[in-house]
Amino acid sequence: LNIEAIAFREERKLSDEMIEDIQFLTQYCKMGATAQRKYLEGKYPSHTFYSKDIYAAIKRFRPTAKSLLNDAAKMSDWLDRQKESNPRWIISRGWDDDNTLTHLMWMTPEQVEDWIRFSDCVINDVTHKTNRYGMALSLFVGFDHNMQNILFAQGLLIDESKESHSWLFRQIIDATSIHPTVIITDSDPAVDAAVKEVFTNTYPIHCAFHITQNLHKNLRKPLGDQYQNFLRDFYLCR
């Protein structure tokens, strides 16, 4: 029995708390092994970390190319079955040179009808890296005649470039032939450029909530005690 070998194995062992940290940093922060090791060494200074162990732990929570391909195939098959049962479903896909799914847009028949009836004012919001594939989820939201929120369309994009947003906007125009009267976005330059390129008859507006978030981020500290007065004046002006 080698006591030193047992002690070495115990020293290398990652605790449940460490594993939870690695899972969070991998799935939500998209951090690599080097950055994660620095984080862990800072949080657990008394523990010795080895890159091989961190790589093995990260691998448990990072989807493989095979799993991504299988999930994309399952979703694609499910959408195809919906269209087979009702041809009015709208499904569009984009692929790269390696035949990897990069863009996906779908609208149910009800969503197409809602777009035609209620697309006077459309809100487009994009969330990025909140899923295990790191794809951007783009949602188009509006409201009906009862002032109830409705979801018009949805898409998954490989990135948040102007080209990706333009591709998505074009699929909606091809499906409905209707431009929104007004579109509200989060002031992302790539989205603004895509709106200008595709929704040529649409009036763009930036979301007040996102503008306010930028005010908090950029002006609260420089203005100090005067910030609340500025914010009040800003809302009065708006």
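Figure 1. Helices (H or I, at least four residues) and strands (E, at least two) are DSSP runs, numbered from the N terminus. Within α8 (residues 189–198), the buried positions are A190, V191, A194, V195 and V198; buried denotes under 20% relative accessible area, exposed over 50%, and partly exposed in between (1.4 Å probe, protein chains only). Viewed down the axis of α8, these buried residues fall within an arc of 135°, so they line one face of the helix. The arc is that of the directions from the helix axis to the C-beta atoms. P189 and K196 are exposed on the face of α8 turned away from its buried side.

As this is a predicted model, local features need pLDDT of at least 70 and side-chain atom pairs count only at pLDDT 80 or more, while totals for chains, interfaces and linings use all residues. Residues are numbered from 1 along each chain as its sequence is written, and side-chain values use heavy atoms, with hydrogens and water left out.

**Figure 2. S166 in helix α7.** S166 is buried, with a relative accessible area of 1%. Apart from its neighbours within four places in sequence, S166 is in contact (heavy atoms within 4.5 Å) with A194, E197 and V198.

**Figure 3. Packing of helix α2 against helix α4.** The axes of α2 (residues 16–27) and α4 (residues 51–61) come within 9 Å and cross at roughly 60°. Axes are lines fitted to C-alpha atoms, for helices over the stretch in contact, and angles run from 0 to 180 degrees between N-to-C directions. The two helices are therefore oblique to each other; angles under 35 degrees count as roughly parallel, over 145 as roughly antiparallel, 65 to 115 as roughly perpendicular and the rest as oblique. The crossing of α2 past α4 is right-handed, a term for the near helix being turned clockwise from the far one by less than a right angle, with anticlockwise giving left-handed. On α2 the contact is made by I19, I22, Q23, T26 and Q27, and on α4 by A57, I58, R60 and F61. These contact residues comprise five nonpolar, three polar and one charged. Ala, Val, Leu, Ile, Met, Phe, Trp, Tyr, Cys and Pro count as nonpolar, Asp, Glu, Lys and Arg as charged, and the others, Gly among them, as polar.

**Figure 4. The two sides of helix α3.** A33, Q36 and L40 are the buried residues in α3 (residues 33–43). They cover an arc of only 60° around the axis, which puts them on the same side of α3. The buried residues of α3 pack against α2 and α4, whereas T34, K38 and G42 are exposed on the other side.

**Figure 5. Packing of helix α9 against helix α10.** Helices α9 (residues 208–223) and α10 (residues 227–237) pack at an angle of about 145°, and their axes are 10 Å apart. The crossing of α9 past α10 is right-handed. From α9, the contact involves I211, T212, L215, H216, L219, R220 and L223; from α10, Y227, Q228, F230, L231, F234 and Y235 take part. By class, this contact has nine nonpolar, three polar and one charged residues.

**Figure 6. D144 and M147 in the loop between β4 and β5.** D144 occupies the loop between β4 (136–143) and β5 (149–157) and is buried, with a relative accessible area of 15%. Not counting residues up to four places away in sequence, D144 touches F118 and I150. M147 is exposed, with a relative accessible area of 59%. Phi of M147 is near 60°, a positive value in a residue other than glycine.

**Figure 7. S187 in the loop between β6 and α8.** S187 is partly exposed, with a relative accessible area of 22%. Its phi is near 70°, a positive value in a residue other than glycine.

**Figure 8. P109 in helix α6 (residues 109–118).** P109 counts as buried at 3% relative accessibility. Its contacts, not counting residues up to four places away in sequence, are N86, R88 and W89. P109 and F169 are 60 residues apart in sequence and 18 Å apart in space, C-alpha to C-alpha.
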